[in-house]
Amino acid sequence: MTRIAIAYHSGYGHTEVLANSVAQGVRDAGAEAVLLKIDNAGQDFDPLLDEITASDAVIFGAPTYMGDVSGVFKVFADASSRAFFTGAWKDKLAAGFTNSHSFSGDKLHALTSLAILASQHGMNWVNLGLAPPNIPAAERGPDTLNRVGAFLGLAGQSDNASPELSPPSGDRETARLLGVRVAQAAQRWKRGAATELAAERDSRKWTPVAAAVTLHTSEMEPV
Ligand SMILES: Cc1cc2nc3c(=O)[nH]c(=O)nc-3n(C[C@H](O)[C@H](O)[C@H](O)COP(=O)(O)O)c2cc1C
């Protein structure tokens, strides 16, 4: 089964709500979701890094703090250099999500940091793939998908309220759809790799026969 890791930090629980919705989407698409919570800057990150290495794709999640990913997430990102040096994550798929209080709040910078992290590992970035809402801003409500109109990844927004109430349902559904999208892309990616391997095996199987035919015909008199 295709395995998708969701590696996230959440200081106060709002980004965690989105992580859980992303995981739901992964499961809805028929893949396995592995939730990896980044707790604190002092933890041993090796088990998390190994889980990602064992997965087909990873979806990074971090709250936006001071216009970028949280410091705890950044410590995890630095620790991932262990995987960078061995190329362990190269050619996997990656995507990302963030959450912040303001509609902008410089969230794009955090998403960009996640995409750069994936690129440094040689991973292939999967964007959100949802059009921004094509309705007047005044008509956008808590159920609106991709409410703040992001492209690079999911940009959630939460008020100063408990994670049970905020981010709202539209952001949670957008997170679920990101999980579906990444899982489906990873399934296609894996099928493609399997097809390529099978084709390579087939070509190896046929090469000697083709060579024998060439040899045989080359010995025949031209007609
Ligand atoms: C240290 C700190 C810095 C923050 N910086 C920003 C910011 O740059 N932009 C913004 O919109 N919200 C900012 N916020 C608000 C958080 O993004 C918001 O509360 C978010 O829901 C936190 O997610 P979490 O509950 O997963 O930690 C900041 C909060 C903290 C604690």
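The buried residues of helix α2 pack against β1 (3–9), β2 (32–38), β3, α3 (71–79) and α4 (81–86). Packing here rests on contacts, and two residues are in contact if their C-beta atoms, placed from the backbone, lie within 7 Å. Helices (H or I, at least four residues) and strands (E, at least two) are DSSP runs, numbered from the N terminus.

Before going on, two remarks on the model. Residues are numbered from 1 along each chain as its sequence is written. The model is predicted: local features need pLDDT of at least 70 and side-chain atom pairs count only at pLDDT 80 or more, while totals for chains, interfaces and linings use all residues.

Back to α2. Which residues of helix α2 (residues 46–53) are buried? They are L48, L49 and I52. Buried means that 20 or more other C-beta atoms lie within 10 Å of the residue's own; exposed means 12 or fewer, and partly exposed is in between, with C-beta atoms placed from the backbone. Seen down the axis of α2, the buried residues fall within an arc of 100°, so they line one face of the helix. The arc is that of the directions from the helix axis to the C-beta atoms. An α-helix has 3.6 residues a turn, so residues three or four places apart point the same way. Exposed D46 and P47 sit on the face of α2 turned away from its buried side.

Next, the ligand. There are 18 residues around it, and Y12, T15, P63, S100 and G105 come nearest. A residue is near a molecule or strand if its C-beta atom, placed from the backbone, lies within 6 Å of it. At least two residues of this shell come from each of α1 (14–28), β3 (57–65) and β5 (93–100). β3 gives the most, with three residues.

Then R181, in helix α6 (residues 169–218). Is R181 buried or exposed? R181 is buried, because 21 other C-beta atoms lie within 10 Å. Leaving aside neighbours within four places in sequence, R181 is in contact with V126 and G129. From R181 to A54 there are 127 residues in sequence and 20 Å in space, C-alpha to C-alpha.

Last, the whole chain. The chain has six helices and seven strands. Of its 223 residues, 41% count as buried. Its C-alpha trace spans about 85 × 45 × 25 Å along the principal axes. Among contacts between residues at least 6 apart in sequence, 79% join residues at least 24 apart.
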